[in-house]
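Okay, thanks everyone, I'll keep this short. Let me put the structure up, and then I'll walk you through it.

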Amino acid sequence: MQVKIALAVIFAASVALSSSVAYAVTIEVGYPYSSLFDVTIKDTIVPMFEKAHPGIKVKLRATYDNYEDAANTILRESVAGKLPDVTFQGLNRQSMFVEKGIAKSFEPFIAKEANFAKDGYHKAMLDLGTFNGQVYGLPFSVSLPVGNYNMDALNKAGIKDFPTTWDEVIVACDKLRAVGYDNPLFWGWNITGNWFFQALMWSQGEPILKNGKVNFDGPAGLNALKTMKKLFRGCRMQNLAAGDAGKPFNAAKVAMFFWSTSAVGAIERAKGDFVYKTSEFPGMGRPPMGLPAGGNSVMLVSTGSNAEIDAAWKFVKFCTSGEGAAVVARTTGYMPPNKAANEMLGDFYKDNPNKHTAVRQAGLLREWIAYPGDNSLAITQVIYDGLESIVTGDSDDMEALQQELSEEVASMLP
Amino acid sequence: MGHTRSHFWFVSPAVILMFVILILPIFVAATFSFTDYNLGSTDFKWIGWKNYESLGKFSSYSKMFTASLTYVVIVVPVSVLLGLGSAMLISSLRFGGELYKAIFFLPVMATLLAMAYAWEFALDPVMGVINKVLDDGCSVGWFYKFFTGSWLGFNPTESWYGGICSDRMPNWLGNKKYALGSISFIGIWQAFGFNMVLYLAGLTSIPRDLYAAAEIDGANSTWEKFKLVTWPMLGPTHVFVVTITSIRSFQVFDTVEALTRGGPSKSTYMMVYAMYEKGVKQNLIGMGSTLTIVFLGFVLVLTMTQVYFINRKVHYS
């Protein structure tokens, strides 16, 4: 009997406690890469937002490991009927949620806003979230590939200027090896979504898919594969694991590190005692004609009440076009999604020249193309395996590799 | 006493639980393996044996079978023999045995996933402690002589160690030549302590007088005593240890996920990892289910043959 009373008291108390909090609405939000975005979203944007909108409480879900995990989590939650209200998704994974009818269009909300400027967004980024003429995803953070250099190593090897083509990178590798850098280079072939393969394709002005069909079966694709082979062999690049690639650079073991600008903030926090600079992504004989936009965007997947959906829209707006956007640039190496943020940033880029490299390249922004259909993630893996075989030395014949990859990917596309 | 139906009530919880949490999931997986179901899709198509056919069609699956079988063939015999050897050495000690038992059992108690990350640090090609030691050892005379085999008269520059000294330290997890070996090494390191404990238990159950009897019959050398008494008397233990180790080796997942993700070039693409990659990471529930069913079949066949072959030679006391 006493136990029952005790239980009843506990139950009543917990109900009273949970309902005594005076928030009108609670929205649930999920985002990826806690190491990059905890400081941005959890520690900065959410407190700022809750202060600006006292009636709304933001509840954060467990962070997603990466963009693939983010996509899978939403798919599972959709099957289980446990979707959050707002989710941050990799730019190249958005189409899946539109195809499956999980994401909500932003158009009705944008129409209601008096002065919501679509113009503030980078066009390539906005295009990525636009399907059938409707905006489903608003860009949150934009990244581009950049070159990270250990200036102490470059000086020691007598390299005066940053390389602007891959051939110059290979020459630099030889010089670096001559002064004792056994691992002069790491090049991010393994970045999610075949991002660097797309970077070499866009460098020549070609997308990886055209009208839903394989587009790397032509001379541009072959050229991209041959450039990778030349670079990996010429620099004797080792197959370092994906999560680790930054560590050897931070430890001054790798002198040139080609990666996403998103890592610039993390490198500056973790690097050893050397002078660190970034520079523009080299091109294939000439400056790149385009580069794939990386990063993520915010999508509305709420299945809740109208009040919740309205609150969720306010949060999306805050993150992508308000003060939230400037926080992205301050706390990460990403570019802010919206030009409006630049005014709030002031002298930020003058004080942080390493983060400015990507901004200088912003004119090159092109679409980070997703593979359509159910095999989307499996195709990413097929191309990943193909690129890996160049790194490990299993593939020597680039024509054969190109044919093999084109045929396999074509058979997996819808 | 009248005939009641109470026995049904007594067994029903066990039967229902077994059906719901063991049989039903297998049945569901078997059903899905004939579909192209994709997580998040609202419908699916029946595609017959197409998923099973793709196992033979794509090279990644043949690499999967090669990797899994190679891993089992390396890890099972080595960890079983190491377990037996260390158990016999420890049981022959007059004191200090408890300490060795504790040390060798440590890797079993530690979480394999956490240990995998520790190994990742140690095996890092550029910053890992293993390559640091090997690299520094190149300039230490006796170390260099010992590992290049030049003390045996070999040409030091032609040996493996001489080669990496004059070139670059090995990339243990990123190079196809070493990756499966490294993963297997961690598997052995983790498994043999468990086998040792099982063998220690087996050894204590061998009656002492059998050794005395063998001695009277003229088996004087340690080897003969081992061959005539210890080995056959451990029969039931062998069956258990080999079966358990094989199944556990087939199930290897933690180290692959943490260290290589199936690479490089699918050289460590184990079956359970493939299941996870297809079914969980890529949402291809149909293909993931197919791999699950094939995996279950493999383990079943392996266990049955093993039990059959070894059982025939086992002397149960």
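Let's begin where the two chains meet. This is a predicted model, by the way, so keep that in mind throughout. On the chain A side, 27 residues are in contact with 22 residues of chain B. Which elements of chain A give two or more residues to that side? They are helix H3 (67-80), helix H11 (246-250) and helix H18 (376-391) of chain A.

Now, which residues of H3(A) are buried? They are Tyr67(A), Glu68(A), Ala70(A), Ala71(A), Asn72(A), Thr73(A) and Ile74(A). And what do those buried residues pack against? In chain A, they pack against strand E1 (25-30), strand E3 (86-90), helix H4 (94-99), strand E14 (294-300) and H18, and from chain B there is helix H14 (271-281). Just after H3(A) comes Gly81(A), with a positive phi of about 70°.

Now chain A as a whole. In secondary structure, chain A comes to 19 helices and 15 strands. Its radius of gyration is 23 Å, close to the 22 Å that the globule rule gives for 414 residues, so chain A is as compact as a globular protein of that length. Along the principal axes, the C-alpha atoms of chain A fill a box of roughly 80 × 55 × 50 Å. Of the 414 residues in chain A, 50% count as buried. And if you take the contacts in chain A with a separation of 6 or more, 75% of them are between residues 24 or more positions apart.

The domain assignment gives domain 1 (22-143 + 294-365) and domain 2 (145-292 + 372-412). The C-alpha centres of those two domains of chain A lie 28 Å apart. Between them, 22 residues of domain 1 are in contact with 24 residues of domain 2. H3 turns up again here: H3, H4 and helix H17 (353-360) of chain A each supply at least two residues of the side of domain 1 that touches domain 2. Which helix gives the most to that side? That would be H17(A), with five residues.

Next, the core. The largest nonpolar core has 164 residues, and those with the most contacts inside it are Leu185(A), Leu300(A), Ala312(A), Phe315(A), Val316(A) and Met270(B). This core draws at least three residues from each of domain 1 and domain 2 of chain A. Take Leu300(A) as an example: leaving out residues up to four places away in sequence, Leu300(A) touches Val86(A), Ala103(A), Lys104(A), Phe106(A), Ala312(A), Trp313(A) and Val316(A).

Over to chain B. What is its secondary structure made of? Chain B has 15 helices and zero strands. A compact globule of 317 residues would have a radius of gyration near 20 Å, but chain B has 25 Å. Along its principal axes, the C-alpha trace of chain B spans about 75 × 60 × 30 Å. Buried residues make up 32% of the 317 residues in chain B. One helix to look at is H12 (residues 235-250) of chain B, with 16 residues and a reach of 23 Å from first C-alpha to last, close to the 22 Å expected. Its buried residues are Thr237(B), His238(B), Val241(B), Thr245(B), Ser249(B) and Phe250(B).

Asn132(A) has a positive phi near 50° and is not a glycine. Asn132(A) sits in the loop between strand E4 (130-131) and strand E5 (134-135) of chain A. Is Asn132(A) buried or exposed? Exposed, because Asn132(A) has 7 other C-beta atoms within 10 Å, and the cut-off for exposed is 12 or fewer. The other one is Arg236(A), also not a glycine, with a positive phi of about 50°. Arg236(A) is in the loop between helix H10 (219-234) and H11 of chain A. With 15 other C-beta atoms within 10 Å, Arg236(A) counts as partly exposed.

That's my tour, happy to take questions.

Key:
Residues numbered from 1 in each chain as written. Chains lettered and ligands numbered in written order. Predicted model: local features only at pLDDT ≥ 70, side-chain atom pairs only at ≥ 80, totals over all residues. Contact = placed C-beta atoms within 7 Å. Helix = DSSP H or I, 4+ residues; strand = E, 2+ residues; numbered from the N terminus. Expected span 1.5 Å × (residues − 1). Buried ≥ 20, exposed ≤ 12 C-beta atoms within 10 Å, placed from the backbone. Domains from an automatic or database assignment. Rg over C-alpha atoms; globule rule 2.2 N^0.38 Å. Core = buried A, V, L, I, M, F, W, Y, C linked by C-beta atoms within 7 Å.
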